[in-house]
Amino acid sequence: VTGDAVQARRQVPHDVGSEDEFELDVFRIFELGQLSVGVAHTRSGWYAVRNRCPHMLAPLCRGTITGTMVPAGPDEMRWGMEGRVIRCPWHGWEYDLETGRSLFATNRTKVATYPVLVESGRVTVLVPPPPPGVHW
Amino acid sequence: MLPQIGMSSVISLVFEGVFERFPKLKVAFIEYGFSWLLPLLWRMEREWRNFRFDTPWVKRSPREYVKEHMRFSTQPMDEPDRVQDLWQLIELLEGDEILMFSSDYPHYDNDNPLVTLNKLPDGTRERIAGTNAYEFFPL
């Protein structure tokens, strides 16, 4: 990998608005570069994830930001991970907003996550540009 | 048609969390055959991915519970026109792990081992004919 290629892959900051424009636990969806990205302030923190479920390509960020029933004993319903889970609007697949991974190893798919910076009331998302010549 | 009962029993045992409550429990399905099992496992995997939320005590993939806790006897072994189709099914099902030969003797509609065992693929015949049962039952 050449220096230019490394430079090209560097994450690009996108200003997506002021902090108070974000309603708690509701995704706002932006076109950043060539990517559709959902950005949200939840009860667990700030998150940015790609707005595409790897399963059937649903607009993932139109799903619900929620918690989930965490693994428990038979007939036991225990709620957890509040504000850390996005549930896909189509098939209900759940992803951890922190890591992008499917919850509890239900499968191997993973959704891309991006760093979010909140400074002086402004919200910035760092998104890598696509490789040259690649259109997502 | 016993496969329907086999299907609903496999589904119920896995999704009701029986093996979470009784981790040492083993269940042998006798005389249900096995050709219905593979598509059932595929569907159970799919539904678990979609609806794990509703059964949070199912902590591993349904197929893992089946492989660890259940065995299936071969009789009545289905008889597709090409025996290779049966071999392919057994391979996809990991039949060398979960199938146990049975004849249904002394019933008249039995699977005669002199004929049926020859229908099993070479590599897995020994396991299905004996080893799997030996490992599964407390002999």
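**Note on the predicted two-chain model**

1. Chain A and chain B bury about 1500 Å² between them, and carbon and sulfur atoms give 56% of that area. On the chain A side, the residues that lose the most area to chain B are Pro74(A), Asp75(A) and Thr106(A), which together make up 34% of what that side buries. In terms of contacts, 20 residues of chain A meet 14 residues of chain B. The model is a predicted one, and these interface totals use all residues.

2. Two salt bridges are counted between chain A and chain B. Asp75(A) forms a salt bridge with Arg21(B), and the closest N and O atoms are 3.5 Å apart. Asp75(A) is also among the residues named above for the area lost to chain B.

3. Over all chains, the whole structure holds 18 salt bridges. Within chain A, Arg87(A) pairs with Glu94(A), with the closest N and O atoms 3.0 Å apart; both of these residues are buried. Glu21(A) forms a salt bridge with Arg28(A), here with 3.7 Å between the closest N and O atoms. Glu21(A) is partly exposed because its relative accessibility is 42%, and Arg28(A), with a relative accessible area of 25%, is likewise partly exposed.

4. In chain B, Arg63(B) forms a salt bridge with Glu94(B), the closest N and O atoms lying 3.3 Å apart. This pair links distant parts of the chain, 31 residues apart: Arg63(B) belongs to helix H4 of chain B, while Glu94(B) sits in the loop between helix H5 (83–92) and helix H6 (95–98). Glu94(B) counts as partly exposed, at 27% relative accessibility. Elsewhere, Asp25(A), Arg43(A) and Glu82(A) are joined into one network by salt bridges that share partners.

5. Helix H3 (residues 37–51) and helix H4 (residues 62–69) of chain B have axes that come within 8 Å and cross at roughly 135°. H3(B) is therefore oblique to H4(B). The contact of H3(B) with H4(B) comprises seven nonpolar, no polar and two charged residues. From H3(B), the residues are Leu38(B), Leu41(B), Trp42(B), Met44(B), Glu45(B) and Trp48(B); they meet Pro62(B), Arg63(B) and Val66(B) of H4(B).

6. Cys61(A) lies in the loop between strand E4 (45–50) and strand E5 (64–70) of chain A. Is Cys61(A) buried or exposed? Its relative accessibility is 4%, so Cys61(A) counts as buried. Beyond its neighbours within four places in sequence, Cys61(A) is in contact with Phe27(A), Ile29(A), Gly38(A), Val49(A), Arg50(A) and Asn51(A). The C-alpha atoms of Cys61(A) and Ala112(A) are 12 Å apart, with 51 residues separating the two along the chain.

Key. Residues numbered from 1 in each chain as written. Chains lettered and ligands numbered in written order. Predicted model: local features only at pLDDT ≥ 70, side-chain atom pairs only at ≥ 80, totals over all residues. Heavy atoms only, no water. Helix = DSSP H or I, 4+ residues; strand = E, 2+ residues; numbered from the N terminus. Buried < 20%, exposed > 50% of the residue type's maximum accessible area, 1.4 Å probe, protein only. Contact = heavy atoms within 4.5 Å. Axes fitted to C-alpha atoms, helices over the stretch in contact; angles between N-to-C directions. Parallel < 35°, antiparallel > 145°, perpendicular 65-115°, else oblique. Nonpolar A, V, L, I, M, F, W, Y, C, P; charged D, E, K, R; others polar. Buried area = accessible area lost by both parts, 1.4 Å probe. Salt bridge = Lys/Arg side-chain N within 4 Å of Asp/Glu carboxyl O.
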